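Hi,

Here is the structure I promised to pass on. Have a look at it first, and then read my notes below.

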Amino acid sequence: MRSENLLRSAKVLAASSALGLAAGVASAEDYTRFGIEKDVPGMCSYESIDAKDYSGRELTVITHAIPVIGEPTKLHAEQFSELTGADVEVVHVPFGDLFQRIMIPFQTGQDAYDVLFYASLWLGDYNPYLANVPEEYQSTAGMQGLTDTTRDVGMWGGEMKQYIMDGDRHYLKYREDIFSDPDMQARFEEETGRELTVPETWEEYNEVARVFTGWDWDGDGDPNYGSAEVVKRDDLMFSAFISRAAPYAKHPDVGGGFFFDLETMEPLINNPGWVRGLELFVEAQESFPPGGTNFGLGDEIFSFGGGETLMSYSWDDALIQAQQADSPIRNDVRTQMLPGAREVWNRETGEWDTFEEPNRAAYITWGWTSAVAQSSRNKDMAFDYLCFFSNEANTRHDLQIGRFGVNPYRTSHFDADFWADDLGWDRDMAEQYVETLERIDAYDNRVFDLRVPGVGQFMTSLAAGVAEAVAGQATPQEALDGVAEEWSRTVERIGKDRVREAYANVVEIEDAR
Amino acid sequence: MYRQKHLFLLPGLLVLVAIIIFPLLFTIRVSFSSWDVFQPGLDWIAGANYGRLLEDARYWGALGRLMIMAVGTVLIQYTLGFALALLVWGDLKARRFFRVLFLVPMMTTPVIMSVIWRTVFHESIGPLNGLLQALGLQGVPWLSEPALAFASVMMVEIWQWTPFMFLLLLAGLVSLPREPYLAARIDGAGPIRTFFAVTFPAMAGISIAAILIRLIEASKIMESVYVMTSGGPGTATETSTYYIYIRGLRDFQLGYASALSVTYLVIMIISLTIIAKVLVRLFVKDRT
Amino acid sequence: MKTVYLAIKYLAILLWSSFVLFPFLWAVTTSFKTANGVTGGATWIPWLQYEPSLQGWQSLFGGSGGTDITGPYFNSIIVTGSASLISIVLGTLAAYGLSRFTFKAGFIRNADITFFFISQRIMPPIVLAIPFFLLLRQLGLLDTLAGLILVYIALLLPIAVWVMVDFFNNVPRQLDEMAWLDGCTPMTTFYRVILPNSVPGLIVAGMFCLIFGWNDFFFAFTLTFTDTQLLPVAIVALNSSVTPWWSLSASALISVAPLILLAFVVERFLSRGGLAGAVR
């Protein structure tokens with residue numbers, strides 16, 4: 001370890017001296033050598049952090065694999081270290097194992113990490129072990145500028161537990177160049193008898209995807225496909241499925257729980273709305289690219305972002321990939337809120353209700369977040385690091401680098417000028433993007449993740465059931481019945497009241513609008 | 001004279017016991033508790049976890065798949081390893097080069113090579129389907145069709161561990177005495193008869209050892225599944241160790257996962273002992 | 001007949017060689033790609049089919065988009081090396097004891113003790129991850145090289161015992177007996193007479209220890225936090241939802257390199273017939 005430290009400091013020295021040379025004689029106030037445009041004054045600006053001295057102290061950070069979130073964690077850790085003299089140690093963990101890597105030390109009382117970057121849906125399990133965000137940090141401009149929805153993500157039982165540094169939601173991404181091509185429109189109309197439009201419902205989505213599967217519609221010599229989705233078990237597939245099922249199962253007029261009936265804590269996961277969502281998910285396979293049923297998020301990003309598929313939905317990554325400067329489909333992509341449903345299951349009346357204007361559901365799906373461990377002996381330094389991580393200058397920098405995975409989460413980020421002027425997106429695309437995000441953020445019919453103790457167990461059994469249906473090992477109804485049964489047993493094991501108490505926190509936010 | 005004998009055995013034995021005893025006993029103890037993500041610590045729920053696992057179809061399914069995969073890969077590895085060893089045993093151009101090459105996969109880190117293999121199997125931008133398409137053939141759903149995914153995982157295991165068989169069997173071949181072969185030639189036996197009459201019986205002992213060791217290692221199969229398929233599609237490639245991993249570290253049901261582990265260990269020790277006895281009996285009969 | 005046989009022989013060797021080499025060649029070409037090169041499909045030839053870039057390799061040594069693997073590299077060498085060495089010393093001693101003397105304790109005989117050693121390999125790491133975590137925590141050895149070495153000894157000692165017991169069983173007992181007649185104690189017999197004749201066995205045992213130690217993933221993964229990452233852990237940290245194939249391929253190649261050198265060493269002994277007694 002000693003040799004590692006030596007190596008590292010030698011490298012930092014070399015790097016900083018090289019940078020210093022490049023910048024000429026940098027004045028004390030000039031922080032552009034860190035790659036930012038300019039420092040933005042505030043409590044955690046470069047200047048303020050530079051004024052602190054943490055030398056001789058060690059900050060330990062656990063974060064996601066490189067590059068998503070992991071790379072900015074590392075980058076800002078190195079900067080923080082250079083500014084304050086602190087020794088910042090970062091460990092990167094693949095997504096599937098991040099939960100347990102954080103949980104084992106928590107449960108065994110080991111003070112392993114000061115700062116944690118993780119998926120916000122684990123808050124139901126982690127909250128007893130997290131430190132509250134202190135008042136003074138809550139009053140920073142960055143925190144004050146959070147959108148309402150992202151602020152809700154950080155709250156637990158009225159306390160701010162998570163330090164928000166990312167905003168996440170699923171939305172639809174599609175190839176505008178194909179949708180607006182008259183030849184394509186004609187071909188679609190010929191095959192289906194209706195006009196080619198951006199899908200308003202998941203039935204339409206599947207239909208469009210099917211028509212555009214298996215032939216070369218972009219003229220590059222390789223066949224193209226309709227839809228790229230995250231279907232690999234244990235790789236966030238549950239999020240994709242919930243996105244698809246939500247409009248069928250989340251009735252805008254019915255509150256009191258989406259995953260469970262809050263009163264009885266009976267699982268709703270196998271009601272007709274959910275089953276319909278799964279049927280459509282299973283059906284969509286025929287429009288996947290080869291291997292599409294084993295796609296993880298990375299494959300989805302390469303497939304849609306690489307121009308192989310017509311549509312996709314999930315987080316921002318694939319869109320950002322498509323917008324890389326050297327991408328062949330740059331500016332050919334548009335965004336829209338997720339498709340909805342015209343038939344929505346009303347679990348109060350036990351009937352399908354018909355909607356003229358499709359019912360949509362804004363699924364605020366996990367998203368990265370950060371927090372400081374309650375057991376940390378370096379809380380001052382830890383919060384300074386997080387505050388520095390998400391200061392205005394850094395955020396502006398991080399938003400521009402697709403692979404960082406930092407997505408808009410402050411109202412100031414919902415600004416078409418930023419995307420159009422600074423990143424060179426087509427104005428019309430930037431506007432539509434910002435509009436999509438704003439619409440989701442303000443949408444009344446919302447679904448949050450199941451943030452209760454044992455969420456991992458609920459989601460792995462959901463993913464296992466859905467995977468069985470997708471692989472044809474069970475019908476959608478059978479698969480979800482199996483999931484419901486397992487969920488009931490899990491609730492039983494954890495304790496009904498305990499799950500209900502936690503889930504009430506979620507439902508309260510959902511039903512507030 | 002023999003007073004010093006304990007000086008040889010005890011250091012190793014005691015160190016191993018000291019390291020292993022606590023984890024082992026602790027696992028057994030945890031298997032009787034309800035330690036879970038929301039309930040850390042050791043309570044006592046008697047055999048509830050064991051009752052639950054009896055009805056856990058996914059666990060028994062995973063165990064069945066493990067058996068098929070372990071026995072299947074080891075037999076293929078043995079056959080291929082033996083064939084390769086025979087190939088580079090005799091005269092061959094660049095014999096030493098091929099010997100080194102055939103050893104290489106065993107030297108590589110399974111978890112890292114599995115990541116490479118995952119990109120090789122990638123169905124739209126991976127090289128395997130790329131080759132097939134270049135030959136004018138259809139791409140193959142390597143990892144997204146249950147039977148093929150199972151076969152793909154087996155293929156990676158075979159790639160990784162055939163060299164192990166190859167090494168042991170080649171070392172055995174190299175050390176075989178010459179005389180029986182001369183005798184066989186005088187008898188006018190062809191290469192096939194010579195193989196079954198002379199080579200194979202002489203290799204019996206080493207074959208048993210190699211197969212057993214590989215079975216032990218193969219039953220722990222984990223990395224390739226973990227990286228390439230996550231047990232999917234559906235549950236098609238979910239083996240016992242991966243299932244225990246899901247329950248223990250993903251779900252964080254430590255109590256239940258410990259019960260699964262203890263059961264798994266007992267089943268494995270019993271079945272490997274039986275297999276060892278059967279193999280010895282079969283080969284010993286062959287020799288007489 | 002002879003030519004047909006030769007043709008089949010070389011064809012088989014060629015087929016297997018390409019199978020062995022395939023992933024390596026793919027990793028080599030992938031390591032020079034960028035995102036566009038990867039999404040462009042299964043291409044092999046730089047410049048012609050894709051625009052090569054050194055990004056993947058630079059990222060290994062502190063460039064962006066990758067993970068710095070120099071620290072983990074040293075850690076892996078230290079842990080694997082020390083654990084292998086200790087395991088071989090302890091394992092050789094125990095194996096000699098088990099091979100030459102009779103131990104009895106109740107119903108337990110030599111064969112049972114040997115089986116006990118080997119049976120440690122049956123346990124999948126996943127079973128022991130949490131208990132080992134607690135054990136190391138109690139000892140204050142979590143996230144230290146010493147802690148990992150301790151765990152790896154449990155992993156490697158059984159291998160050393162297995163190889164060496166078989167080896168010593170093939171070393172003629174007359175060697176020992178002659179030494180005893182010369183007045184050697186068992187200890188001096190062991191290191192004056194037996195050890196010098198055991199090089200092949202030690203080579204094989206050492207090779208297996210290095211392979212299984214260097215390549216272990218799950219223990220290294222569970223029992224460390226930030227200070228003592230080992231190589232496989234650092235590299236797998238690149239394999240998550242969004243995988244940079246290029247840095248991953250580069251780091252995979254560089255991490256398997258040292259043990260491939262080992263293949264050459266092993267082959268030398270193998271070709272000289274020197275490993276004969278070691279694996280029977």
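**What I found**

Let's start in chain B, where Ala46(B) is found in the loop between α1 (5-30) and α2 (48-54); helices here are DSSP runs of H or I with at least four residues, strands are E runs of at least two, and both are numbered from the N terminus. Before going further, a word on the ground rules: this is a predicted model, in which local features need pLDDT of at least 70 and side-chain atom pairs count only at pLDDT 80 or more, while totals for chains, interfaces and linings use all residues. Residues are numbered from 1 along each chain as its sequence is written, chains are lettered from A and ligands numbered from 1 in the order in which they are written, and side-chain values use heavy atoms, with hydrogens and water left out.

Back to the backbone. Most residues other than glycine have a negative phi, and most peptide bonds are trans. Ala46(B) has a positive phi, near 50°, and is not a glycine. With a relative accessible area of 34%, Ala46(B) is partly exposed (buried is under 20%, exposed over 50%, partly exposed in between, with a 1.4 Å probe and protein chains only). Ser230(B), also not a glycine, has a positive phi of about 50°. You'll find Ser230(B) in the loop between α11 (223-228) and α12 (240-250) of chain B, and at 7% relative accessibility it counts as buried.

Over in chain A, the peptide bond from Ile66(A) to Pro67(A) is cis, with omega near 5°. Pro67(A) sits in the loop between β1 (58-64) and α3 (70-84) of chain A.

**Chain B against chain C**

Here 92 residues of chain B are in contact with 92 residues of chain C (contact means heavy atoms within 4.5 Å). Together the two chains bury about 8,800 Å², 82% of it on carbon and sulfur atoms; buried area is the accessible area (1.4 Å probe) that two parts lose on being put together, summed over both. Phe8(B), Met107(B) and Ile125(B) give 9% of the area that chain B buries against chain C, more than any other three residues.

How many salt bridges cross the interface of chain B and chain C? The rule finds two, a salt bridge being a side-chain nitrogen of Lys or Arg within 4 Å of a carboxyl oxygen of Asp or Glu. Arg96(B) and Glu267(C) meet in a salt bridge through their side chains, at 3.0 Å from N to O. On the side of chain B that touches chain C, α1(B) supplies the largest share, 18 residues. By class, that side of chain B has 68 nonpolar, 15 polar and nine charged residues (Ala, Val, Leu, Ile, Met, Phe, Trp, Tyr, Cys and Pro count as nonpolar, Asp, Glu, Lys and Arg as charged, and the others, Gly among them, as polar).

**Inside chain A**

Chain A is assigned domain 1 (40-164 + 366-407) and domain 2 (171-361 + 448-511), with bounds from an automatic or database domain assignment. Taken over C-alpha atoms, the centres of these two domains are 30 Å apart. Between them, about 1,500 Å² is buried, and carbon and sulfur atoms give 61% of that. In domain 1 of chain A, Leu121(A), Trp156(A) and Trp366(A) lose the most area to domain 2 of chain A, together 37% of what that side buries. The count of salt bridges between the two domains is zero.

Cheers
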